[in-house]
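Subject: Structure for your review

Dear colleague,

Please find below the structure that I am handing over to you. I would be grateful if you could look through it alongside the notes that follow it.

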Amino acid sequence: LAQRQRLGEEWVEWALQGDHPVLLWTRRLVAYKRLERLAEALEDPQKRERFIASGVILIFGGRIHQDDPYGLDQYRRIQAALRQDERLRQRVIFFDNYNTWEAPRLFQMSDGEVMLADDGQEAAATGFMKVQLAGGLVIAADDGAVPGSVVFYNGQNLHQGANGFQVPFDWQWDGDLGKWVFTPTVDGLTVAFERFGEAFRDKATLGVMVRNALAQAPRVSVDRAAEDMLRLFGRAVAAAAVGV
């Protein structure tokens with residue numbers, strides 16, 4: 001990562017000695033996936049300090065649509081926050097030209113993944129599934145495929161499969177859409193950063209949560225998904241053969 005993004009050997013030494021968890025936010029940069037929550041957290045002085053205290057190194061990036069300014073707008077907001085506070089420059093890293101051949105290395109090296117979307121907008125969310133296969137934890141809203149393999153840590157369910165941290169929804173006015181949306185909150189994201197950092201530094205807690213994540217591998221396996229799809233097609237073909 002340091003070579004790819006020209007971060008330098010000093011950054012590597014700082015990152016390793018500081019015991020910093022690496023968190024990915026690598027998705028399509030569209031409005032309903034709410035990268036703006038990160039921008040909002042970094043722009044707010046108090047939330048920025050809480051993010052820095054969490055110890056998290058956040059890598060963000062993803063595809064944008066050439067006719068949609070959302071991704072570029074959020075990128076500019078985040079870069080402006082980095083210019084205002086030099087401490088963020090080694091903590092929030094834009095992975096330019098995010099691609100399929102380097103993505104596996106990111107998933108293998110990371111300690112977790114952020115998966116946010118407005119209520120009812122999340123689908124398969126394959127990014128967090130790939131991280132789980134490598135024992136990574138998940139920061140997510142409770143939507144789409146997330147409930148199928150993520151158990152949110154509540155402080156008491158460590159040994160009941162806890163392997164992630166929830167960002168709650170709340171109603172918020174979206175000026176671009178001109179309507180209220182049930183969306184992940186910036187306060188909830190800030191708390192999730194803190195709890196993720198705390199769990200990472202407590203190695204006994206981290207060990208249990210990593211094992212919990214790995215235990216979900218059968219649920220998020222590509223082989224399992226392919227087998228389910230073949231069975232679905234098989235039923236459809238059989239139904240068509242008898243005119244159903």
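Please bear in mind that the model is predicted.

Helix α10

Helix α10 runs over residues 203–215 and holds 13 residues. From its first C-alpha to its last it reaches 18 Å, close to the 18 Å expected at 1.5 Å a residue. Its buried residues are Thr205, Leu206, Val208, Met209, Asn212 and Ala213. Viewed down the axis of α10, these buried residues fall within an arc of 165°, so they line one face of the helix. On the face of α10 turned away from the buried side are the exposed residues Ala204, Arg211 and Ala215. The cover over the buried residues of α10 includes the helices α7 (126–133), α9 (186–201) and α11 (217–220), together with the strands β5 (137–140) and β6 (164–166).

Helix α9 and its partner α4

Helix α9, which is part of that cover, also packs with helix α4 (residues 45–54). The angle between the two is about 20°, and their axes lie 8 Å apart. As angles under 35 degrees count as roughly parallel, α4 and α9 are therefore roughly parallel to each other. Their crossing is left-handed. On the α4 side, the contact is made by Lys47, Arg50, Phe51, Ala53 and Ser54. On the α9 side, the residues are Val186, Asp187, Thr190, Val191, Phe193, Glu194, Gly197 and Arg201.

Phenylalanine 196

Helix α9 also contains phenylalanine 196. This residue is buried, because its relative accessible area of 1% falls under the 20% cut-off. Leaving aside residues up to four places away in sequence, phenylalanine 196 touches Pro21, Leu23, Val56, Asp111, Gly112, Leu137, Ile139 and Phe165.

Helices α3 and α4

Helix α4 meets a further helix, α3 (residues 36–43). The axes of α3 and α4 come within 5 Å and cross at roughly 100°. The two helices are therefore roughly perpendicular to each other. Ala41, Leu42 and Glu43 in α3 meet Pro45, Lys47, Arg48 and Phe51 in α4.

With kind regards

Methods:
Residues are numbered from 1 along each chain as its sequence is written. This is a predicted model: local features need pLDDT of at least 70, side-chain atom pairs count only at pLDDT 80 or more; totals for chains, interfaces and linings use all residues. Side-chain values use heavy atoms; hydrogens and water are left out. Helices (H or I, at least four residues) and strands (E, at least two) are DSSP runs, numbered from the N terminus. The expected span of a helix is 1.5 Å times one less than its number of residues. Buried means under 20% relative accessible area, exposed over 50%, partly exposed in between (1.4 Å probe, protein chains only). The arc is that of the directions from the helix axis to the C-beta atoms. Contact means heavy atoms within 4.5 Å. Axes are lines fitted to C-alpha atoms, for helices over the stretch in contact, and angles run from 0 to 180 degrees between N-to-C directions. Angles under 35 degrees count as roughly parallel, over 145 as roughly antiparallel, 65 to 115 as roughly perpendicular and the rest as oblique. A crossing is left-handed if the near helix is turned anticlockwise from the far one by less than a right angle, and right-handed if clockwise.
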